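Try each task yourself before you read the solution.

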Amino acid sequence: MDRRKLIDTAQGKLEPDLVLKNGRIIQVLTGEILEGDIAVKDGWIAGVGRYDGPHAADLDGRYVSPGFINAHCHVESSMALPEVYCAEELRYGVTTLITDPHEIANVAGAAGIAFMLDRSEGLPMRYYVQAPSCVPCTALEHAGSVLTAESLAPFLAHPRVTGLGEMMDFHGVADGAPGVLEKLDLFSGKVLDGHLPAAQPLLQPYAAAGIRTDHESVTFEEAQAKLRAGLSVLIRQGSGSKNLDAIVAGIVREGLDTSGLAFCTDDKHLLDIHREGTIRCCIERAIALGLPPVTAYRLATLNAARIYRLWDLGAIAPGFRADLVVLDSLEQARVHSVYQNGKNVSGLPAHPHRQPIPPEILHSVHIRPLAKEAFRLPGQETYPVINMVPNQIITRKTLVSAAEAERLLREKELLKIAVVERHHATGCMGVGLLARYGLRDGAIATTVAHDSHNLIVVGGSDRDMHIAVQELQRVQGGFTLVRGGQVLATLPLPVAGLMSDKPCAEITVKLQALTGLAREMGVDPSMDPFIALSFLALPVLPEIRITDLGVVEVS
C-alpha cells in the first residue's frame, strides 16, 4: 500500500485508477445502504462519496457488496484444481477463500500442501490456507502420510498460511495429548480452527485450548452453545451437509447477535458450484429465512474477514482492498460483475497453469490384489448397521442379527460397504453394512473418502464391488459405477485420487452423467451420491463409520 497515493486520491489531488459511480453501497460496517461512488487506487479503496476520474463505470443504481469470503472450504473436494475452482467461485462473487488442504495432505503429506500453495499462486483470488492439523484424523485408519508439528513448521512463515486447520482430534485436545498440544502451540497467535460435532461435554476444554472456530453445528442449539463458549460459528451449506436453515431460523427467532457468524461450504463439488455458486446461495437463503439483508451480507464479508484477522478485507471503506461484487438484486444476490484488487475479473477463464503436476501427486492409488472372498462379512452373531441421514453427513447405528443381515442383503434393504487401504498396498480392508443409501443393484466406488481417502465401495454384488475397485486402480482414482459385471461410467480423478486435471466443462458434464446414472441405480435423491458416500469413512463424525480397519462406533 502506498499510503501517500491513497491519501492524495481520497482528497482529490490524484486521479483514481477507477471510479465505480452511482452504486448503492452495502455498508456492512454500519448496517446501511448508501448511494455514492467508490474511488480505487492501486487496488485499494481510496474513498467513498463523490468522485470523478477518466476511468469510470456507471453502476446505474446497482448494489455493491464487499467481495464474498468462503470462510472454510476444501478445494480438493470440488474435484477441480485450484485454478479451475477459483474461476467458478469468482463467477459468483467470492474473492477470498479460507481453505484447509487436509484432503491432499492425507494422500501426499507436506508435498500435497506445497502443491496446493504453489498451484494457487498468482490466481485472481485471495487464497488463504489453514495448515492441516489432523493427518490422519485418528489412529483408527491408515492415511498416505502422518504430519507432526515438525512437518507443519515450514509452513508457518508462508504469507498465505493464516493458522491451523480444523482440529478433529477433540479427545486429544481434552486429554492434552502431546502431539496435539505441540500443533496448537506452534500456531499460537494465529487462528485455530475447530471441528467439534454436537454440543458435547468436551466443548469447554476444547474452547479452553484456544480453538476459535467451528463449522460442525447441525442445529441452532449446537451453534448457540459454541458461540457462548467463544467459538465463531461457520454456518455450513455444502453439497453433503446443509445446516443453514436450522441455524439461521434459530438466529432470527431468538434475535441472536450475529457478530460471531460467517458462511462456509466445507465440501461442495464443482457441479453444484457451477450451477449456483457458494456464498451467494447462503446470502439468498438467509434473507429468505428472515435475516436482514445487510446482516446476511455482513456474515458473507466483514464477519469472515474479522474471524480470520484479514483486517483490510470485508468492507467498502477507505484503506480496504478493492474486492467488490456488483449485484443486480439484493435479496437474490444476483452477480453482475466482480472486482478483485480493483480489476474487473468477471468471466475470466481458468487461470492457465503451465507447471507439470509432480509424479508422486499423480500416482497415488496402490492396492494389494483382492481375494475373491474379500467382501465377506466377518463371522459374528450381530452386526452394526450404518444408517444414512438425508441432507446430513451424520449417521445412525442399528443392530441386526446374522440371519436378518443375510435376508436384508438379498432383499437389497441393506448393502455391503467396504473401505480398502489404497496408499501403501497394505491389504487392510474393513467390511460392513449400510442402510438408506438407496442403491438397488451394482456398485459405486470412489477414492474420495474423507479424510484419509482410502477407496470406499458400496454394492449389492461382491463381483461388481471387486470390478469397481479394479477400475479405480486402473485410472488412479475417481468415481466409478458398475452394474452386471460391466463398468457403466468412470470419472477419473488422477491428481492424488481427488482431483481432475481437466477443465470445468468436461468435469461437470461427466459428473452430471454419473449422478444421473446413480439416480437410475436407486441412490436416494435427498443426497449427493458421491459426497454422501465419501463421508462414511470419516471416524470423527457420529454415530458410526467404517475405515480400512473396520466399523468404528464413534459415539
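**Exercise 1. Count the helices and strands, then judge how compact the protein is.**

Step 1: There are 19 helices and 26 strands, where helices (H or I, at least four residues) and strands (E, at least two) are DSSP runs, numbered from the N terminus.
Step 2: The radius of gyration is 24 Å, close to the 24 Å from the globule rule for 555 residues, so the protein is as compact as a globular protein of that length. That radius is taken over C-alpha atoms, and the rule is 2.2 Å times the number of residues to the power 0.38.

Before you go on: this is a predicted model, where local features need pLDDT of at least 70 and side-chain atom pairs count only at pLDDT 80 or more, while totals for chains, interfaces and linings use all residues. Residues are numbered from 1 along each chain as its sequence is written, and side-chain values use heavy atoms, leaving out hydrogens and water.

**Exercise 2. Find which strands pair with E19.**

Step 1: E20 (residues 429-435) pairs with E19 in the antiparallel sense over 6 bridges (pairing takes at least two DSSP bridges). Lys416 has Leu433 as its bridge partner there.
Step 2: E22 (residues 455-459) also pairs antiparallel with E19, over 5 bridges, and Ile456 in E22 stands opposite Val419.
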